[in-house]
Amino acid sequence: MQPGKLTILGSGSALPTFQNSPSGQVLELCDKSFMIDCGEGIQLTMRRMGIKTARLYSIFISHLHGDHCFGLIGLISTLDMMGRTQPLHIYAHADLEKLLRPWLDYHCTEMHYELIFHAINPRKREVIFSDRTVTVETIPLHHKVPCCGFLFTEHHRDSEPRKRYAYCSDTMYKASIAEQIDGVDVLFHEATFTDQWESRCKATMHSTARQAADIARLAHAGRLIIGHFSSREDNHDIFLQQASEVFPVTELAVERKSYTI
Ligand SMILES: [Zn+2]
């Protein structure tokens, strides 16, 4: 079996910049391709990189702030124009379907594939997907709106140890998050702000790079990837420097870069 591969499509936060797109990534694991969050413009980055949209199996949306889901309606429409026929599964808060339905009914009246919405409760830890190769569980987080991360666990990897990847989207710092992902191989954790913006960080219920690193440390993570960078700080080396002081095995989420899981 091929090792897992994570590709960053967007590593910025709410305000798109020339440097960063809003959140989005693709995880290729166990011969399946999962999208995690879908900010505006993500589909273009995906196509520029030659990531095969036909292989996209399902989409997981952490919460309904626009920078995590504004790209969905465009992607859904594009997949139809590209001739998709296989169903597409979308896992998100129940309100997502309510919000998208009028757009789908207006713009996508003759869809050639089926959209299957799975309503998740972001406040509850639960298995939301499982097949013979991989399980996906929610990771309840603490944000201004209901929000959860996702923990992907391989069932089997030949004779090699199974791999686990955790995606922790928007959240304020809570040490208890680490207990939910103890021993994870690779952790992506939002790091919206540097130390300098700590009060803004609290007010918006986000994490600093240092706090993200502390979660990685408490969780005994193998590696940490930080992203969701605020447009207020364009020198990302500062995020890396502050996180690395707490957790040395930290990397920046760089758009259009892939990471082995
Ligand atoms: Zn948010």
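**Close-up views of a predicted model**

**View 1. Strand 4, helix 2 (residues 72–81) and strand 5 form a right-handed β-α-β unit.** Helices (H or I, at least four residues) and strands (E, at least two) are DSSP runs, numbered from the N terminus. Right-handed means that, with the strands pointing away from the viewer, the path from the first strand over the helix to the second runs clockwise. This is a predicted model: local features need pLDDT of at least 70, side-chain atom pairs count only at pLDDT 80 or more, and totals for chains, interfaces and linings use all residues. Residues are numbered from 1 along each chain as its sequence is written.

**View 2. Strand 4 and strand 5 (residues 88–93) pair in the parallel sense.** Their pairing spans 3 bridges; DSSP must find at least two bridges for two strands to pair. Ser 58 has His 89 of strand 5 as its bridge partner.

**View 3. Strand 3 (residues 32–38) is a parallel partner of strand 4 (residues 56–60).** This pair has 4 bridges. Met 35 lies opposite Ile 59 of strand 4. Helix 1 (residues 42–48) links strand 3 to strand 4 in a right-handed β-α-β crossover.

**View 4. Helix 6 is largely enclosed by the rest of the structure, because 7 of its 10 residues are buried.** Buried means 20 or more other C-beta atoms within 10 Å of the residue's own, with C-beta atoms placed from the backbone. Among the buried residues are Arg 210, Gln 211 and Ile 215. The buried residues pack against elements including helix 4 (176–180) and strand 11 (186–190). Just after helix 6, His 220 has a positive phi of about 55°.

Methods:
Buried ≥ 20, exposed ≤ 12 C-beta atoms within 10 Å, placed from the backbone. Contact = placed C-beta atoms within 7 Å.
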